[in-house]
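Work through the exercises below with the sequence and the 3D structure at hand. Try each task before reading its solution.

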Amino acid sequence: MGSTSSTLLKIPNVEVLMQETGFSPAHIIRLHDRFKALDKEGRGHLCPQDFGAIKELAMNPIGDRIIGAFFSPGKETVDFHTFVKILAHFRPVDKDRPKEPNSPEPINSRSNKLKFAFQLYDQDKDGKISRDELLKVLRSMLGMQVTEEQLESIADRTIQEADLDRDEAISFEEFRKSLEKVNIDHKMSIRFLR
Amino acid sequence: MESYLFPFDSLICMLLGISFTVWFTLLLVFIIVPAIFGVSFGIRRLYMESLVKLFEVSECFVNRFNQIIEKNWFKMSLEQEVQEMRRGGAEPEFDMSDIFYFCRRGVESIVDDEVTKRFTAEELESWNLLTRSNYNFHHISTRLTALWGVGVLIRYGFLLPLRVTLAFTGVGLLVVLTSIVGLFPNGRMKNYLSDKVHLMCYRICIRALTAIITYHDSENKPKNGGICVANHTSPIDVIILASDGCYAMVGQVHGGLMGVIQRAMVKACPHIWFERSEVKDRHLVAKRLSDHVADTSKLPILIFPEGTCINNTSVMMFKKGSFEIGCTVYPVAIKYDPRFGDAFWNSSKFGMVNYLLHMMSSWAIVCSVWYLPPMSRMEGEDAVQFANRVKAAIARKGGLADLLWDGGLKRGKVKEVFKEEQQKLYSKVLVGSSEDRSHS
């Protein structure tokens, strides 16, 4: 593939990136084009406003949280590597990948997808979803369509069902357990073509 | 030395003189005269067919890339997805996994979103040998490059000067002839002449762009006392429609060359030009439009309700102003064939001059125009619903996606109301069903 390799060479550490994320060269190029399109001022990194400019994302009730997932605590910019690594969570699970004992878990494993979803709830990153955090998410998803009491009853019911060690919060293990029958691969994957 | 140059000088002058005459005669015979009479030799169609063959040849030399994600894969509505995620058929309640739907949709839009796509040029499936459409095709062989080089020579060396000459002729004639017609007293003769003059000049402009247009369903052409609405892709839309029928134009008064043209046109027949200050006053605008429409001796008004140029893959929200007036609306769908030249004007990227240069150095502008049957506002329908109905008809006929997005999103922010729509849908699924439970 003639000129495609020249585009790839412009991206630093692209081999490592492809290995870590499992994206093919064609995907990396398309994602790079997308990154450049979002980076309207050509600074080489993205800031929250660049994400905010995506209209469909602005319309999403949890859009802010998703944007927040791209920025590590304290950082205000996202470079191309981080961008691709976060998006790698949404690659469909590789069914044919052989299980090497010493290789690190792939970014798009079921467990890592769950962790990604968990952090959307757990904004203070203390490893638990408190009642307050749950209420906040419910409020985002339902807006003004339900009353405070309805929200609280939903939250209480959810915690009651999932909270196994009775500490009034949902830990990652409890989260994982409550979703063990859900087809995470299907729900948390985007089909990247080619 | 001078005596040697002299014979060469006169020889060169003679050659130039002859080629100029030949050139101009050819121009007159093959282009201007047919434009005056509205006939066609079919040269442009022949040209188009040869271009298609050329593209098929170049197709084998090129790699292509498709869309990055398959959005239609597992495309379900919010309700269906949420129901599906419930396990064991229990009554719908909030579940921790509900967030997956929003999360996935959000990340999909980060990778590829619908709205931004509409405001950038449409992506082609295969390359049409124009540099400006080469955004996906990174791998080009030497043979293809040679073909492209020849294309550049033809387009910039031959087609561009030809087209520029024609454009100047067309515009010049428009200004001069409409001013002359303006000297006539008002009456049937003046209207007749004005129609002929307008049509002729627009036809010359069409040839200046090498536009190959197919008109469908001409029996539905707009009549006096009505409003013609069409989807908007570029300023050329006006020329395309006006070369097949006579319309009254609506627009802001401009300065410079545009202003000269506008002032000349309005001498021959009544167009509606607004001062900048008047545009803000919606009642004034509506009144002037209604007055014009009420007078059946005046031509149908041509309006583009999207308010801005869209890239011709979809139709965006129509502004309701023209639909409030209460007269017959004649919808028209315009669809460009992007293989020959992209007519979309991305006004945030290119200025007008740049855009015209692009247009005139493309292979051709090929489009189809469909005249749809007239529509009127029905009982109990408000202006917005009527506008949406017309929009859906246009989108369907032209094979464009019918989006509820506002063309104003090109520059403005998303309104909160769209987020609320999502929240409403989700809450209906949850709370609606829990109410059923409490009743049973």
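Helices (H or I, at least four residues) and strands (E, at least two) are DSSP runs, numbered from the N terminus. This is a predicted model, in which local features need pLDDT of at least 70 and side-chain atom pairs count only at pLDDT 80 or more, while totals for chains, interfaces and linings use all residues. Residues are numbered from 1 along each chain as its sequence is written, chains are lettered from A and ligands numbered from 1 in the order in which they are written, and side-chain values use heavy atoms, with hydrogens and water left out.

**Exercise 1. Locate B:T210 and A:N13, and decide for each whether the residue is buried or exposed.**

Step 1. B:T210 sits in the loop between α7 (188–208) and β1 (211–216) of chain B. Its phi is positive, about 45°, although B:T210 is not a glycine.

Step 2. Apply the cut-offs: buried means under 20% relative accessible area, exposed over 50%, and partly exposed in between (1.4 Å probe, protein chains only). B:T210 has 10% relative accessibility, so it counts as buried.

Step 3. A:N13 is in the loop between α1 (2–10) and α2 of chain A. A:N13 is not a glycine either, yet has a positive phi of about 55°. With 54% relative accessibility, A:N13 therefore counts as exposed.

**Exercise 2. At what angle do helix α8 of chain A and helix α4 of chain B cross, and which residues make the contact?**

Step 1. Two packed helices are described by the angle between their axes and the distance between the axes. Axes are lines fitted to C-alpha atoms, for helices over the stretch in contact, and angles run from 0 to 180 degrees between N-to-C directions.

Step 2. The axes of α8 (residues 110–121) of chain A and α4 (residues 99–111) of chain B come within 11 Å and cross at roughly 100°. This makes α8(A) roughly perpendicular to α4(B). The cut-offs are under 35 degrees for roughly parallel, over 145 for roughly antiparallel, 65 to 115 for roughly perpendicular, and oblique for the rest.

Step 3. From α8(A), the contact uses A:L114, A:F116, A:A117, A:L120 and A:Y121; from α4(B), it uses B:I99, B:F100 and B:C103.

Step 4. By class, this contact of α8(A) with α4(B) has eight nonpolar, no polar and no charged residues. Here Ala, Val, Leu, Ile, Met, Phe, Trp, Tyr, Cys and Pro count as nonpolar, Asp, Glu, Lys and Arg as charged, and the others, Gly among them, as polar.

**Exercise 3. Which residues have the most contacts inside the largest nonpolar core?**

Step 1. A nonpolar core is a set of buried Ala, Val, Leu, Ile, Met, Phe, Trp, Tyr and Cys residues joined through side-chain atoms within 4.5 Å.

Step 2. The largest such core has 69 residues, and those with the most contacts inside it are A:I28, A:F51, A:F70, A:F83 and A:F175. Helix α4(B) gives the most to this core, with eight residues.

Step 3. Take A:F83 as a case. Leaving out residues up to four places away in sequence, A:F83 touches A:L31, A:F35, A:L38, A:L46, A:F51, A:F70, A:V78 and B:I110.

Step 4. Helix α7 (residues 80–88) of chain A is mostly covered, as seven of its nine residues are buried. A:F83 is one of these buried residues. They pack against α2 (14–21), α3 (25–38), α4 (48–52), α6 and α8 of chain A, together with α4 of chain B.

**Exercise 4. Find B:S109 and list what it contacts.**

Step 1. B:S109 lies in helix α4 of chain B. Its relative accessible area is 1%, so B:S109 is buried.

Step 2. Apart from neighbours within four places in sequence, B:S109 is in contact with A:R34, A:I54, A:E56 and A:L57.

Note on methods:
Contact means heavy atoms within 4.5 Å.
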